[in-house]
Each structure stands twice: as C-alpha cells, then as structure tokens.
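Biologist: I'm new to this one. Could you show it to me and let me ask how you get to your labels?

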Amino acid sequence: MIIGIDLGTTNSLAAVWEDGEARIVPNALGEALTPSVVGLDDTGEVLVGMAARERLLTHPELTAAAFKRQMGSDRGFHLGKRKFRPEELSSLVLRALKADAEAWLGEEVKEAVVSVPAYFNDAQRKATKIAGQLAGLAVERLINEPTAAALAYGLHRRDVESKFLIFDLGGGTFDVSLLELFEGIMEVQASGGDNFLGGEDFVDQLVGAFMERVGREAGIGEEDLEGKVLQALRDQAERAKREITKHEAGTLHLTWREQALSWNVDETIFAELCEPLLARLAAPIERALRDARIPAGELDEVVLVGGATRMPMVRKMVARMFGRLPAVHLNPDQAIALGAAVQAGLKARDGALDEVVMTDVCPYTLGTEIAEAFGKGHVRDGFFMPVIERNTTIPASRVERVSTVQNYQSEVAIKIFQGESRQVKDNIFLGEIKLRVPPRPAGEEAMDIRFTYDINGLLEVEATVLSTERTERLVIEQNPGVLSPEEIEKRLEALAKLKIHPREQTENRTALARAERLYEERLGELRHFLGEQIAQFEAVLAYQDPREIEEARDTLTELLNEIEGLPYL
Amino acid sequence: MNIWRELGIEATRDIREIRRAYAVRLKEAHPEDDPEGFERLRTAYEQALAAARGADGLPGFTGRRAAAAEVETVETAPGPAADPGSIAVEALLARVAEGLARGDDEAAVSSLSEALQDPRLTNLELRARFERRLLEEIARLDWTSEPAAAAAIEAFYWNEGVGHLPAGHQEIARGLLGIRGTRDRLETLRQEGRGWFWKFLIDQDPLAAALLTGRFRPRLFRWLALDRGIFNAVARLLRELRIYYPSLLDRDLDPRTVDWWRRSVERPKGRLATASHYLMSAYWFYAGIVLAAGYGLDVAWPDWLLAALIIVGMLDLFIDAMPLVGTGVYLLLATGPRALTTLGVAGALGCGWLAMRLERPWDGLAVGLSFIFLMALSGARDFMAFLYGAFGLWLVLGVLFRLFGLLELDLELLFLGTQAATFAALKLRRLIERLRAA
C-alpha cells in the first residue's frame, strides 16, 4: 500500500487510495491534521503532533516547529542538548503519520507519495526524499502540492474541457499552478510561487504589531522576544487570526511579568498589517498566467487550497484579482493529501484511475554558468545559460553544447544553477561537475551538458566531452543542504536510538501537555485549580486502568475546553 | 523526427485533432513509465501546436514588422470602449501620459507607479489591458525615459519574456528592454571599473566605461584611444548609450570626456583634429627610435632605460592596449651594448607575445619559424637590419591606417606583410651594392 502524505509547514496529514476513492487517515487523536511539531519529553522520548505543539509553549527549548522552512539547508534545531537537521525532524513527523496509517490500515506501510511545494528547489526536494528514507518510507514520488490539489479537484471533472488555477497558500509556502483539462488529461501549464510566504507570516505580522502597540509600552524588548514569551505570543496571534476569520475580530493576551496585556484586532487592522504580504500574492500568479499565455478571463475556476486561504482578506484579494468568487469545493486543509493519495493510486495502477494522466512542469529555469567572450580573447564568467526553461513539461531532457574558453585548460567545472537572472550570482547554486578535458587551444574542446529533470522534480546532470567521450554524472557534493549516503546511514542509526513516545499514550500525553500549558498561562485561582487537576490526572494515569484513565481524560479535556474553547488545528 | 508520425495522424492545423491524438498517444508513452517516449511525443505535440497556431494567424503573424502599424489597428479597432474597465484603464493612462508629457523622469516614474498602485489594477484582466495600452502609449509618445521604462519593465516582468503579448506590442517592449539593458550593462561596467587597473589587464569593456565616466585624466585616455580594441569598445558603448540611454550621456558622464570621444568616434574631421595627440603617442616615439636604429644611427641606451623598457615589455604580454610598446622594447634591447644576451630575453618575450596575440599557438610557431628562416637566409647582421626596417614600416603604416581609417587590417597581417616587403627591399639593396662593387 502506498500512502499519500502532505508534509506541511504547520500541519501534516496522510491519506490513502482505497475502494476507488481517497480517504484521510486519522491520527492517534482521531484528527485529520497532525501539527508538524516535534519535541522531546522530559524523559527524552520523542513527541510529535499536538502534544509537542502544546509543549512548544511550555518547553520551547525542547521543541521545534516550522522546520519545513529550513529543508534543504544545513541549519540545525536544538532540542535540549541534541541537534537535529530539518530532514530528521520531518522524518519524525513522517514516522508518526506512517504509524497512524499502519494502525488504520492494519498493514505495514513502506511506500509513500509525499507532496512538496511546487517551488521547492532541488536541494529541498532531495531533503524531503531523505526525510522519507529516515522514516523508513520509500518515497515513490514527490508530487507538487498544487498539482496534488488539482488531482483531487479535477478527478471528477475530467469530462469537461476547462482551465483552472490552483491557489495554494499553506503555512509556509505559496504556490500557484495553472491547469488545463482536455481529453481526460490534466496538464499543468505553468507553476509559480514564493517559498517564504504563508500563514506563518501573517501570524508574524500580528506578533510584530502587538510588540509595537502594546509590548513596547509594557517594557518587552526585542531581546525578550524568544523562548516562552515568543511562543506564547505566536500562539495568541494564531488564535486571534482564527478568531478574526470566524468573528471578524480577535484578541491577543499575554502575561508579562505579572501584568496581563491584551490587544484587540479587527479584520481591517489585520488586513492593513498584511498589505505587504497580500501584495506578494500577485506576482507569481501574473507570471504563471503569462508563461501559460492564458488571460485571466479565460479561467473557468480559481480553486483555493491551504489553510491560510480561509482568511477573508486572502479571499477578498483573490476575488479582486480575478473579478470573481473563488471556488471552495475542496477542504483547503485536506486537498493536497487527498491528491497525494490519488497519485499513490495512479502509481499502483489502480483500475479506477485507469484513464487519468497528469503532466507537470518544472517551475523554474535550470542551467549552467558560462563565460562570454568580449572583444578579442577576453572572457568574463558569471553568466547563466538556461538549459531547461521554466514551465517546461516534465520529464524533460535537454542538451546544450559548450566549449572551452581558456587555452590548454585541462579541467572544466560545470556549475549548475536554478533561477531566472542572467547573472549566476543572483541564482541558486545547485552543484558542480568537474570534467577533465584534453588540453587544447580555447574553443577546440566541446562538451555536451545534458539536464534531465525527472517526474519527481529531481535534476540529473550529465556532461560528455566530445573528443574523449568521457561522461561525468553530477553528484551534488558542494551542497551542504543535502546529506550524503554515508551521513544518511549515520543519521539512521542515531534516530534508531531515539525512543518514540508510545502511540497509544498520545491522547493522555496531549491532554496533560495542554493542561500544563494552560497552567503556565493562567494566574491566580485558576492556576491553582489547574494544578490540582493535573495532579489528579497524573495519579489516575499511575493506576493504569484504561477505563478510569479514559474517563479522567474526558473530564479533563472538557474542563480545558471550558476554559479556553476547543483546541484549534 | 516526423512529428505527425509520432502523433499518429496526418498533418493538420486543427488544434483539437492534435490534442486528441496527443491524448491517445499519451496513454502509451506515459510520462511515468516511458520518459523518453513521452519526451518525443511532447516535442512532436508542441511543434504541431506551434505550427497550427502560427498558421492560424496570431496577431502580428502577417509578416508586417512595424509596431506602429500594429498599434494603429489596435487603436482604431471598435473595442469594448464603453465598459467600465476600459474607462478606468483609459483614465489611468491619461494620467500617465500627462506625467510623461512633462518631460522629466521623476514625473514620469511617479505618474506610472501611481497608476500601477491603483486598486482597480489589482484585477488581473484590467492589468493585462493596461499593460497593452501602456505599450501603445509608449510607442505613440516615442518614450525614452529610462527610469520610467525600468519601472514599467519591473511591473510587468517584460525582462522575463514578452511572449504573451501580440507581436506589435512585443516589439515595443523589446525596445524598452534595450534601454534598460544598456543601463544595466553600464552600471556593471562602472562597478567593475573600480579596480580599473586590473580589469584593464583582462578586459576592455570596463576600461571603456572608465574612460567614458572620466575616471582617467583626459591626457591619459587620449593615449589609450590609440589602441584599436579600446577605441572600438568605447565607440560601441557610446553608440549604445546614444540610442538607449541618452539621459545618461547628458547627466552622469563627464561632458568634456564624452564630447571628445564623440568627436573622435563620429566625425572624420574630428579624428583628423586629434592627430596632434598621436604625435605624442607611443607609436611615433617607438617608430622614431626604430627607424633611427634600423637605418644605422648609433644610439647608446642607458641601463635604467633598458630596465624600464623590459618592464613595459613584460606588461605588454598581458595588455592588449600596447602591443607596439613591447615590439619596440626588444628592438631596443637588441641594439644596446649587450645585444646578444638581451636578444634572448627579447626573443622569449616576443614568442610569448605572439602566442598570446595570435591566440593560436600553431600560428605563433609558424611566425617564429619564419623568423629563423629569415635569419638563416639573411645572416644575423642583415636579419637585425631587416627586423628594424620591418617593424618601422609596420608602425608607420599601422598608425596611418588607424588615423585615416583606411583599412581595418589586422595588425598581425600587416606585420607579416611588412616583413616580406622589407626583406625584399634589403635583398634588393644588397644586390645593388654587389652590382656596384662589381
């Protein structure tokens, strides 16, 4: 069984293709969404999901969130004394989802289709694949998030020819894809995006504004804004954001040195704060429309995906841009996972999906650095030569021929870049191949550089010297964001030594973590009361009587709900 | 590859049929299982579509160039002028045109960015309409404000491609891109020009920029203008600037410098007028020495001068600007008191220079062999005389050609030609002497 996984910045979820439809896999708490938060318990056990998210507020030094934003880099996250790479943390989330799917399906799961933002680059994709490997999952396919959503959306609309746009604003990334449906084919015409624009940025705006308007007066300095204070404020901002979506206004509360601070925000203020973020939505859309040469007026539908598209200001912006109301048939949180499950079904050649073919594109230009000759015998390097132009349908393979520029050079370094700028210094460096050439005068040695961009969005580069027919394949070594096979082995061993918190205890642990978080947040009598409740619950847990524990947990959860309302996801 | 065979249909311009054929074949050449087959199919499909669309007569496919003609048809077309969107677009355009009409860059930029910020242009359809109308307006007003062009390019991503526009509009957008391209290039050049000396060693363009921006003292740059490479680089840059970025010429560059270049580049009269500067130049200097040496005047050279000339000669290996300086150097070395030892040094320098200069070592070797050959034929003494004569002639002709622009002859070719001529002259003189003696 291949499962589909949406590995999100804020939340992750899994789905499976079963009996001719895609179904969401519930986690240990019975929820669809698992927060992409990983932490260590006081005992050193790994916590993933809701419990970890609660502990982000009480134990920020032992917890990590939003690590997807660092995928493909070598930035580490410290949990206590241990340092984790982003792909390791992602692998722990994937492992939790895998366990959920196994519990639900009653069989072992070894393969998965994992979604990635369309605009993820080569290193980020490789890191995602490695995260799967570290979690014991063979990533059969990486699927672009908007493409996955399009699969979920277009699956039942294949009979009609149509053009639609997927607007995917997730927790950390923004993607746009333009699709055309014809003759039963789903074809991505163009994709674009912004890897650093998502719901989290809207939360940051609220945090920043709170600091400016309330925090500074109360004496909170920038340097205080870390650890618990920052996490509490972010949590409050997240809640307020949701409140605003529902009731057009919300409040941020913060307890700072025994003083209770609060700030009311309504939708107008929030939208004003987010003006610069909203302005960034237009560019990728316009670019994609231009590349696909589809005028905005020709679109049959604009489909919203991603939790952040729930915000009214985003919907209003989309409505203004397209002069129409966007489609909201899909559950914005689940569409991508469902689409990934459809892809898993396609991969497994499920009979119900026999006629579906989906083609995707490469969302950015890939090429190599070249030197250009100026005047007589003068060369200047640093220029970008595109090999695969952006929005080329993939899989694609292209060859360019280059020749030597220096007399008697014996080695050619082929540097691979991604980006749209004419100068490589403004593009993203992906890797380098070194190639030996027979030393001959400039221009007399030529080599073919072949770029092959596969269906997973992974790049392979091959260079052949024409005179010697010597071929080198690119193993990207210079990229610190990608682990080497040896390192993967080492990390696997290290991860195997980690103790994972038992899955059947998840509900208890989550309730306890939530109560502990509330205990820290509240003051006075309520705090005292909560303390008693926690002690009582811990006592029941010690007896290990399942029925009693369940009862006690339900009572506690109800109590917590009464204090702060239902938990959000 | 026959695209129609790949698609499995007869050649057609019916897009619908092409798509259907593609869909059928796609199930066999599935991108997941058969990437290579898929690629072949995809290439065929895209080519077939392009052919069909081309034949359909997309706007501008009539073969008429001329943005203006295209624009006219668009303007006079009975468009949906009455709808509120068009009215809004026209109102915004009128404001931009007003700003442009005022003639200064600042007004142009601010009127344009104001219009682009208008909330009505959040709508992507209106924005696209505004984009086209703006291009038409730019063509109508014969717009050359560089900063405003840059703002428009940035707003509509024209630098990333203009394929989405009709052909006539594409042309106008490309014109604007030309304006900005030159600006960018100059900017890079100026930045690079900072370490001008080292850049000077490897490249001419930054040097040209440095010359134009008045980074050099006027006297110095006039000397440098003697090098054809530098001269052409400056001429090229100046030409581009005049076409695409006239405001920079007036505003950012030293007007006297630009003026001098303009005169020497553009008007033959101006070039003649600069002849006096050439008199001071290395060309004449060395030509004089070489001629004197070559024709028997015995000049004794102090050691410090020789040392200085050796350094210049070394630099000559790297600097394209002064190929002739070094030539003089080894001649001087040969005439000096330590003629034989210094000849060795000079020879090494000369071979290196030739290899560099000709960029093809085989040619360098051939020239070297021709030297030896000539030496063997004429004997060492005559050979030296021959060399002086040849170089002298070469220098004189080179300067004359440069001055009057008579010939765009390669200096190397000239070198070989004069070699042969002088050799012949020497042989003739020897013959006459022998006859006289007889």
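Modeller: Let's start with helix α3 (residues 122-134) of chain A and helix α11 (residues 485-496) of chain A: their axes come within 10 Å and cross at roughly 45°. Bear in mind that this is a predicted model.

Biologist: Why is α3(A) called oblique to α11(A)?

Modeller: Angles under 35 degrees count as roughly parallel, and 65 to 115 as roughly perpendicular. The crossing angle here is roughly 45°, so α3(A) is oblique to α11(A). The crossing is also right-handed.

Biologist: What makes the contact between α3(A) and α11(A)?

Modeller: From α3(A) come I130(A), Q133(A) and L134(A), and from α11(A) come I488(A), R491(A), L492(A) and L495(A). Sorted by class, that contact has five nonpolar residues, one polar and one charged.

**Domains side by side**

Biologist: How is chain A divided into domains?

Modeller: There are three pieces: domain 1 (2-197 + 277-361), domain 2 (364-483) and domain 3 (503-564).

Biologist: How do you know that domain 1 of chain A and domain 2 of chain A are in contact?

Modeller: The test is whether C-beta atoms, placed from the backbone, lie within 7 Å. On that test, 20 residues of domain 1 of chain A are in contact with 17 residues of domain 2 of chain A. The C-alpha centres of these two domains lie 32 Å apart.

Biologist: Which element supplies the largest share of the side of domain 1 of chain A that touches domain 2 of chain A?

Modeller: That's α3(A), with six residues. The elements that each supply at least two residues are α3, β11 (138-144), β14 (185-194) and β18 (357-362) of chain A. By class, this side of domain 1 of chain A divides into six nonpolar, six polar and eight charged residues.

Biologist: What makes β17 (301-305) and β21 (392-394) of chain A edge strands?

Modeller: The open sheet has six strands in the order β17-β12-β13-β14-β18-β21 (chain A), with mixed pairing. β17(A) and β21(A) each have a single partner strand, so one side of each is left without a neighbour in the sheet. From one strand to the next, the twist averages 30°.

Biologist: Which strands does helix α4 (residues 145-154) of chain A lie across?

Modeller: β12, β13, β14, β17 and β18 of chain A, and α4(A) runs at about 40° to β13(A).

Technical notes:
Residues numbered from 1 in each chain as written. Chains lettered and ligands numbered in written order. Predicted model: local features only at pLDDT ≥ 70, side-chain atom pairs only at ≥ 80, totals over all residues. Axes fitted to C-alpha atoms, helices over the stretch in contact; angles between N-to-C directions. Helix = DSSP H or I, 4+ residues; strand = E, 2+ residues; numbered from the N terminus. Parallel < 35°, antiparallel > 145°, perpendicular 65-115°, else oblique. Left-handed = near helix turned anticlockwise from the far one by under 90°. Contact = placed C-beta atoms within 7 Å. Nonpolar A, V, L, I, M, F, W, Y, C, P; charged D, E, K, R; others polar. Domains from an automatic or database assignment. Pairing = 2+ DSSP bridges.
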